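Biologist: Please take me through one part of this model in close detail. Pick a helix and the strands that follow, and keep it brisk.

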Amino acid sequence: MTRDVQIANPDQSIVDAARMMADCDCGILPVGENDRLVGMITDRDIVVRALAQGKTDTATIRDVMTQDVKYCFEDDDVEEVTRNMGDLQIRRLPVLNQDKRLVGIVSLGDVSDASEPNSAAEALSSISQPASQTAGGGQRPH
């Protein structure tokens with residue numbers, strides 16, 4: 001997992017989020033408030049939920065972030081986490097400690113780098129299926 005994670009504030013602008021993503025060369029930021037994870041914002045959120053809907057650069061992260069955060073714990077089994085990522089069709093998950101404090105983000109790349117290529121490949125295969133072909137169908141979480 002990546003431990004050095006930038007955390008955005010929900011009251012920052014989407015421009016601030018985009019700059020933070022550019023600075024850390026990432027496409028996702030956890031959003032924290034009062035020492036708690038309250039959402040996630042992706043580069044896609046900025047484009048699809050903000051720009052494509054005509055929201056201006058004064059829109060806040062809170063306006064476009066995903067509030068239903070999926071996460072895993074730092075002591076979870078890697079194969080279980082990657083299976084869950086495949087089921088949820090997501091490529092990255094925030095990692096929390098037992099006190100539910102953010103300690104990092106795990107990506108499929110992290111999993112494949114950690115000598116778990118089969119788990120990562122299976123998860124990527126599930127993630128790459130159109131949402132209509134997944135068990136839950138409908139809208140994909142971030």
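This is a predicted model: local features need pLDDT of at least 70, side-chain atom pairs count only at pLDDT 80 or more; totals for chains, interfaces and linings use all residues.

Helix H4 spans residues 78–88, and its buried residues are Val81, Thr82, Met85 and Gly86. These four lie on the same side of H4, because they cover an arc of only 140 degrees around the axis. An α-helix has 3.6 residues a turn, so residues three or four places apart point the same way. Arg83 and Asp87 are exposed on the other side of H4. Just after the helix, Gln89 has a positive phi of about 60 degrees.

Next comes strand S4, residues 92–96. Four of its five residues are buried, so the strand is mostly covered. S4 runs parallel to S3 (residues 72–73), joined by two bridges. Phe73 has Leu96 as its bridge partner in S4. S4 also pairs with S5 (residues 102–107), in the antiparallel sense and over five bridges. There, Val106 in S5 is the bridge partner of Leu93. The hairpin of S4 and S5 has five residues between the strands, and Lys100 takes a positive phi near 60 degrees.

Back to Phe73. A search of the whole structure finds one aromatic pair. The ring centres of Tyr71 and Phe73 are 5.6 Å apart and their planes stand at 85 degrees, so the pair is edge-to-face. Tyr71 counts as partly exposed, at 32% relative accessibility.

Conventions:
Residues are numbered from 1 along each chain as its sequence is written. Side-chain values use heavy atoms; hydrogens and water are left out. Buried means under 20% relative accessible area, exposed over 50%, partly exposed in between (1.4 Å probe, protein chains only). The arc is that of the directions from the helix axis to the C-beta atoms. Rings of Phe, Tyr and Trp (its six-membered ring) pair if their centres lie within 6.5 Å; planes under 30 degrees apart count as stacked, over 60 as edge-to-face and the rest as tilted. Two strands pair if DSSP finds at least two bridges between them.
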